[in-house]
Amino acid sequence: MAKKRRPRPQNAAATRPDTTSGEIPVVGAREPCPCGSGRRYKACHGRAAAQAATELVRRPFEGLPGECDWVALRELVPAATAPLVLRDGLPADVPSVTLGTVLPMAWPALRRDDGSVLLAIQNDTATGDLSRDLAEVLGRALTTEPGNPVPAGRTDPQGPRLQDLLDLDAPFVPEVREGFEFWLDDVRAATPEVAASLERANEAATPTARLTGVDAAYWCQTPERNHLRWVMAHPEDELLDALARLHAGGASSLGEETRLVGSFRAHGLTVPVWDLPSAMGADECEKPAAAFGERLAEALATRTPLSAAERRARSGLTNRQITLN
């Protein structure tokens, strides 16, 4: 099960690479550090941010509408946006707040010229509570002068969390993008340096689509095989038992030439992953995914002990689980 690469910036508090050329790098945690050390960024200049982490909040997005989609935008989706609704309404000079996957220059957020706010979810953060870190950035973005990025800052351990700032009755509806043009008000007006950065980011983005018939399932295209990554909120042990029952019974696939190959663990949730043939697009996943959802619901409702074959299947699935955060 190949883990896809995606542009994921790091905490701007870490030492930044030289940008005298005017280019805006988008540096991933597992990519080579721009300083030229030959090490991955997370083991080099990104280490300072990692060492600042405190006790981890296992499910930082728990209680938010669309928790599974929040996890997907954080860990799986290269380019996407989602409008956010504040519990107390928007300030008079802020026309909108939008969550984005990633911003240039590892900016935690951006206050546009018109006063609107873009908040990036894929930045590494200073503490173990991702929700509190994002809330802190959002709070500062609302008061930043229009036309400016929001620099990294220190999170108040007693500060609000997203669950305190957002309207919990408002739906969370991500829009997957083909590229990162949402960075700019007008792509045609971009400087050569920003245009080059945008081109590089777009080239690195894996084509991705969100299924419409089930919640938080994301199809992606890779050179050899396509994949479906489905973020699920069921308790991990119960979900693995149910997947094992289906796998042992030959009912875990999404059709011919598809295969359940394992799962990710991300922010307290489990993300089953299927290999798909390269000819199987997102639209072709809709009906098989819906049918699988029905089989999974039946398996989750089963309370009998696992059989020997099911225990072997569960062991195999557990051994192929990768933790993303």
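Two strands are taken to pair if DSSP finds at least two bridges between them. The legends below apply this criterion to close-up views of a predicted model.

**Figure 1. Pairing of strands β3 and β4 in the predicted model.** Strand β3, residues 109-111, and strand β4, residues 117-120, are joined by three bridges and pair in the antiparallel sense. Within this pair, Leu110 lies opposite Leu118 of β4. Strands of a sheet pair through backbone hydrogen bonds, in either a parallel or an antiparallel manner.

**Figure 2. Packing of helix α6 against helix α7.** Two packed helices are described by the angle and the distance between their axes. For α6 (residues 236-248) and α7 (residues 282-301), the axes come within 9 Å and cross at roughly 115 degrees. Helix α6 is therefore roughly perpendicular to α7. The crossing of α6 past α7 is right-handed. On the α6 side, the contact is made by Glu238, Leu239, Ala242, Leu243, Arg245 and Leu246. These residues meet Phe292, Arg295, Leu296, Ala299 and Leu300 of α7. Classified by residue type, the contact of α6 with α7 comprises eight nonpolar and three charged residues, with no polar ones.

**Figure 3. Strand β9 and its two antiparallel partners.** All five of the five residues in β9, residues 226-230, are buried, so the strand is largely enclosed by the rest of the structure. Asn226, Leu228 and Trp230 point one way from β9, whereas His227 and Arg229 point the other way. Strand β8 runs antiparallel to β9, and four bridges join the two. Five residues separate β8 from β9 in the hairpin that they form. Ala217 stands opposite Trp230 of β9. Strand β11, residues 269-276, is also joined to β9 by four bridges and runs antiparallel to it. Here Asn226 has Leu276 of β11 as its bridge partner.

**Figure 4. Two loop residues with positive phi.** Most residues other than glycine have a negative phi. Ala216, although not a glycine, has a positive phi of about 60 degrees. This residue, Ala216, is placed in the loop between β7 (208-210) and β8 (217-220). Its relative accessible area is 1%, and Ala216 is therefore buried. Glu257 is likewise not a glycine and has a positive phi of about 65 degrees. The loop that holds Glu257 lies between α6 and β10 (259-266). With a relative accessibility of 54%, Glu257 counts as exposed.

**Figure 5. Overview of the protein chain.** The predicted chain has eight helices and 12 strands. Of its 325 residues, 51% count as buried. Among contacts between residues at least 6 apart in sequence, 66% join residues at least 24 apart.

Conventions
Residues numbered from 1 in each chain as written. Predicted model: local features only at pLDDT ≥ 70, side-chain atom pairs only at ≥ 80, totals over all residues. Heavy atoms only, no water. Axes fitted to C-alpha atoms, helices over the stretch in contact; angles between N-to-C directions. Parallel < 35°, antiparallel > 145°, perpendicular 65-115°, else oblique. Left-handed = near helix turned anticlockwise from the far one by under 90°. Contact = heavy atoms within 4.5 Å. Nonpolar A, V, L, I, M, F, W, Y, C, P; charged D, E, K, R; others polar. Buried < 20%, exposed > 50% of the residue type's maximum accessible area, 1.4 Å probe, protein only.
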